[in-house]
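Work through the exercises below with the model open beside you. Try each task before you read its solution.

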Amino acid sequence: MTFLRRISTRRLLAICALALVLVIGGTTVALATSGGGPKPPEKPLANAVHDALEAPTVPGISAEVHFTNNLVDASSLVGKDPILAGATGRLWATASEGGKLRLELQAEEGGNDSQVLIEGRHFQIYDGTSETVYEGTLPDEEQGEANEGEGQVPSVAEIQEGIDKAGKQVELSGAMPSDVAGQATYTVRAAPSHDGGLLGRVELAWDAANGIPLRAAVYSSESSSPVLELAATSVSFEAVPASDFEISPPAEAKVVNLSPAQLKGPHGQATQAVGAPAVEAAVDFPLAAPSSLAGLPRSEVRAIEVDGHTAALVTYGKGLGGIAVIESKSSAQEGEGGGPMGGAGGLSLPKVAIGSVTGEELDTALGSALWFSREGVDYAVLGSVPPAAVEAAARGL
């Protein structure tokens, strides 16, 4: 199934970025499981990847999953998010209509469901606890990537060349024989060589017979156990009905559009507001975008859409060790937590003073987030950094 096993590196990274959005929000998904099933023979990573790309296409995937979240210490929170306590659910994927993937998690101890839907380049993430929909469009393929994965499969030598190139940015393991939900798989580990923030490593496993990804795990830099785990307890490689890819968030759900805001240019054409002057002219609130924040230089200022209104995304530093600030016109009472990302889904988080106002802070094994409102503007400060870093950034705005 080409949608999953032949997706371009750039688009795969974009999908991983969606997971980071959920990490900061407190509802995060990663695929992970292990067991005592059959394991494939040992082979070099390049050969294992080549065989996966040449494997026969499957009509679809459906799997039962169990979600365990060790991202946040629930004892530090007031209130309860059922997804943080554990969830079971299903996953569906198909290559038809440009590729579709849906993940649904049902809370084990009551509460609302959470869902992720990817259709081609469009994604939609519904957090039932906060009744918030995050949606947007994945990046276009760069020139030369549009037909990646189509046509002739790269040779083992070409794949090895790509692995060697990737090895300059990340530390890669070989193809380790493993098993997922009774299927023989190969697992590869990848750890950032630099600018990894609190991310320690990720693991990805794919079915040895047909090349379909079946397992992924996320580890922090401070733990040898997975921070996030979603175990597939059963897997079927059969066609998936179109109705299984339908989700219907409540009409009253808040919508956060994570795609760059499309504005009208001088001749009426669609354009994107990029750069501090353009974004400042596009928003209807005072933009805070200092040239540096918490010791990190400003990287980019870009207009996005939050709940139907133009907002700003300002990034500082590079890599996963950077910090992002989202600013939008205030929807909360002065001094309250909340902010443009919808707060923490109704949980009462630890309070922190940001000048004359009080914010709410979420500290996780993979990063931190801080929400506050001031002078009619909502702020969300987040990154794969310790709480002290996001606090320093917030106080610098």
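The exercises go from the whole chain to single residues.

**Ground rules**

This is a predicted model: local features need pLDDT of at least 70, side-chain atom pairs count only at pLDDT 80 or more, and totals for chains, interfaces and linings use all residues. Residues are numbered from 1 along each chain as its sequence is written, and side-chain values use heavy atoms, with hydrogens and water left out.

**Exercise 1. State the confidence of the protein chain and find stretches where pLDDT stays under 50.**

Solution. Start with the scale: pLDDT is the predictor's confidence in each residue, from 0 to 100. The protein chain has a mean pLDDT of 76. Of its residues, 73% reach 70 or more.

Over residues 142-149, pLDDT stays under 50. The model has 9 contacts beyond four places in sequence for residues 142-149, a contact being heavy atoms within 4.5 Å. Residues 263-270 also stay under 50, with 10 such contacts.

Where pLDDT is low, the predicted coordinates should not be read in detail.

**Exercise 2. Describe the make-up of the protein chain in helices, strands and burial.**

Solution. Count elements as DSSP runs, numbered from the N terminus: helices are H or I, at least four residues, and strands are E, at least two. The protein chain holds 7 helices and 23 strands.

Then take burial. Buried means under 20% relative accessible area, exposed over 50%, and partly exposed in between (1.4 Å probe, protein chains only). Of 397 residues, 47% count as buried.

Now check the range of the contacts. Take contacts between residues at least 6 apart in sequence: 59% of them join residues at least 24 apart.

**Exercise 3. Locate the largest nonpolar core and a second one.**

Solution. Define the set first: a nonpolar core consists of buried Ala, Val, Leu, Ile, Met, Phe, Trp, Tyr and Cys residues joined through side-chain atoms within 4.5 Å. The largest has 36 residues. Ile61, Leu103, Leu105, Val235 and Phe237 touch the most other members. Strand 1 (residues 61-69) gives the most to this core, namely 4 residues. A separate second core has 29 residues, including Ala289, Ala312, Ile354 and Ala394.

**Exercise 4. Is strand 22 enclosed or open, and which strands does it pair with?**

Solution. Step one, burial. Strand 22 (residues 368-374) has 7 of its 7 residues buried, so the rest of the structure largely encloses it. Ser368, Leu370, Phe372 and Arg374 point one way, while Ala369, Trp371 and Ser373 point the other way.

Step two, pairing, for which DSSP must find at least two bridges between the strands. Strand 21 (residues 357-363) pairs with strand 22 in the antiparallel sense over 4 bridges. Glu361 has Leu370 as its bridge partner. A hairpin of 4 residues joins strand 21 to strand 22. With strand 23 (residues 377-383), strand 22 pairs antiparallel over 7 bridges. Here Ala369 stands opposite Leu382.

Step three, the turn. The hairpin of strand 22 and strand 23 has 2 residues between the strands. Glu375 lies in that loop. Its phi is positive, about 50°, although Glu375 is not a glycine. Glu375 is exposed, at 67% relative accessible area.

**Exercise 5. Characterise the hairpin of strand 8 and strand 9, then the setting of Thr187.**

Solution. Strand 8 (residues 176-180) and strand 9 (residues 183-192) run antiparallel, joined by 5 bridges. Val180 has Gln183 as its bridge partner. The hairpin has 2 residues between the strands, and Ala181 in the turn has a positive phi of about 50°.

Thr187 sits in strand 9. Its relative accessible area is 4%, which means that Thr187 is buried. The side chains of Thr187 and Ser178 make a polar contact of 2.7 Å. Such a contact is a pair of N or O atoms within 3.5 Å; within protein, one must be able to donate a hydrogen and the other to accept it, and residues adjacent in sequence count only if both atoms are side-chain atoms. Not counting residues up to four places away in sequence, Thr187 touches residues including Glu203, Leu204 and Arg215.

**Exercise 6. Is Ala276 buried or exposed, and which residues does it touch?**

Solution. Ala276 lies in helix 6 (residues 276-282). Its relative accessibility is 17%, so Ala276 counts as buried. Beyond four places in sequence, Ala276 touches Leu287, Arg298 and Val301.
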